[in-house]
Amino acid sequence: MHLKITSSPHLSSKINTSYIMLQVMVGLLPATVWAVYLFGQRAIFLIVNCILSAVISEVLILWLRKKPIVIGDCSAILSGLLLALILPPSTKWYAASLGSIFAILVGKHIFGGLGSNIFNPALIGRAFLMAAYPKMLTTFIAPNSINALTAATPLALRKFSQAITLNKDLFFGNVAGSLGETSSLLLIIGGLYILVVRIADWRIPLSLLLTTAVISIIGFRFNPLNGDIFFHLLSGGLLMGAFFMATDPVTTPITKKGRYIFGVGCGIFIMLIRYFSGLPEGVMYSILFMNAFTPLINRYSAPKPFGG
Amino acid sequence: MILVAEHKKPQHDLRAEKYLNPKKLYVPLAQHTGAQSVSCVKRGDVVKEGDLIAKKGGFVSADIHAPCGGKIVNIDRWFHPNLKRSPAIVIQCDGSKKEYSLRAGIKDLKKEKLLEIIANSGIVGLGGAAFPTHIKLSPPKPIDTLIINGCECEPYLATDYRLMMENLEEIFKGIEIISKLINPKEFIFAIEENKHEAVKKINLLINTKKFKLPKARSVILKSIYPQGGEKQLIYAALQRKVPSGKLPFDAGCLVHNVATAFAIYEAVYFDKPLIERLVCFCGDALVSPKNIWVKTGTLLSELFEAKILEFKTDPKKIVCGGPMMGVNLDCLDYPILKGSGGFLFLNRPVVDLRETPCIRCARCVDTCPMNLLPLEYAKLVKKEQYEFLADFHISDCIECGCCSYGCPAKIPIVQYIKIGKKYAPKNN
């Protein structure tokens, strides 16, 4: 008889890290397919490029750090996919690769690798590209255009030309924008999926969306040119951010109370940037900003022990 | 709190069998919480069933009686599930039997006399912690609610359920004695909803009003783990929180296991000390699971030698207790203690031991029944920063195992917590 001796418990759930990552990817699938439909080859190249760059840099960095080389947890694949989905379709291949490498190297491994990073790697990659290639990252192309006609995103139209996009187009995704953020409907479907299978906690998306909704209602009262509640909820990277970026377990609070604080904080900063800054969109910076507050939020929102 | 696959079939529906004529017994002196008992026999003595063989070793301690008649052949260190090794009295049984007869005038017994009988019968809490019952039955504060715990939330085990199905009247007689002793205003029979057959029987008995009980009711709780944990049970049944570091009587209630109530009944009605108990043997490595009445001190190996239990395949893991909180055994030479409710023999590798980095998903935080932050314990213990553990209230942890169970990174959080508790500086 060869008996194993371990600490209790002697049962464990089937869920593991790669399952979580794969489920998030399943949640992203509708938006990804839609991106390929809208932007064709460009989308496929961008996605494959980002994922490959992320995986290769992950392997190299793990090798340099003399750590076991684990790709099976799918975290690098997910970071690559997320980055691709928040880049404009016209992003050049070298920029996308560079962004992916930066996301894995600086976004993740500088802090100690999987689970130790403070900021969302995909957003770090995009923030880096925003600084390195500002023109490229703010030039969008019209959906379904063969000649890659440039077009402005709905948020940029509102801010710089006071033009309002139809809510119907926003909802079904017939607008210019980053790869994966055009169709609100498909993002909501994917987002609800990861909430239903309990991969992400509902508290952050709910509080984030409610906060933006409330602020946009107030903003619309002051000036109809600010755009109404539907415009703000459905445009830009809000749904992508709320469902897939602000729910990244590693960089968001671990306490239930903390998750509400995180979501509300993101919502406030998003609307502040949309209303008062020189940028049309602020989801990326808001989430990165709140990521930095996560340790502090965790510290002050620790639950009281039962009976304590 | 978590939902765990129950694995209660088929042992749930198997009638209890008996194995009460062992050849040899190894009776450990440490079978309860508190001071170890002191042996009062020596090698070569001949004892009869039920004779006192070890006395209380302190205030919080319990007597131990000879489970069978026979000759004391040795008093030496032997295997012990929780302590690894501990002194044990070895009895070579002679096969003699003792007949127990009904005590006369039970209704007229005074409180003090009842408590004395219980204290002299070596009864301990049979839910797992094995706390001496006579101490629990003389609480320093008034008790308004008595809760009888029939939850058995650990997967696999079916001991309490079988006892309720087969000996419910006796359990109620035991409860009658407990309520006479502590005089509560209300009595609650708490049970999980997956035991509907038992629930029917309990409600029937409560409604007959045959027993002298205070205002009685049954509370049917959700089948989630750890519903049967004392503090979780009190909250679920009464919405009362036991303060951190305090005991149930601080919240005005007292929780007893159904098996303890049964042991009290036997002690008071038949003057029979706690020398045998119902144990559930299950797991996929056995040919068939069984619920068996055995004498305390019987070795697992003897049950296999006597072909009471048989292996289908070689087990990979043997667990004393339930799968969530039990301890692993490294051979079959361990004795059954007063507090052992079950033994598992598992064949398939049930726990993945490859630990990966924590992704801070906070599943452990969401499921912790004590509202703690288990991931922080694992992190701090790995870094050997034991001095910060108290800031995260490590002493409140009940080691239920919910955190490790659900961890996607397969971090053995409970193991880290056990290490942490050992090294955390004690603060008062």
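Just after helix α7 of chain B, B:Asp271 takes a positive phi of about 55°. This is a predicted model, so local features need pLDDT of at least 70 and side-chain atom pairs count only at pLDDT 80 or more, while totals for chains, interfaces and linings use all residues. Residues are numbered from 1 along each chain as its sequence is written, with chains lettered from A and ligands numbered from 1 in the order in which they are written.

Helix α7 itself covers residues 258–270 of chain B and reaches 18 Å from first to last C-alpha, close to the 18 Å expected (1.5 Å times one less than the number of residues). Helices (H or I, at least four residues) and strands (E, at least two) are DSSP runs, numbered from the N terminus. In α7(B), 11 of the 13 residues are buried, among them B:Phe262 and B:Tyr265; buried here takes 20 or more other C-beta atoms within 10 Å of the residue's own, with C-beta atoms placed from the backbone.

Strand β17 (residues 342–346) of chain B is mostly covered too, with 5 of its 5 residues buried. One side carries B:Gly342, B:Leu344 and B:Leu346, the other B:Phe343 and B:Phe345. Strand β13 runs parallel to β17(B) over 3 bridges, with B:Phe281 partnering B:Phe343. Strand β15 runs antiparallel to β17(B) over 4 bridges, and there B:Val319 partners B:Leu344. Pairing requires at least two DSSP bridges between the strands.

Technical notes: A residue is buried if 20 or more other C-beta atoms lie within 10 Å of its own, exposed if 12 or fewer, and partly exposed in between; C-beta atoms are placed from the backbone.
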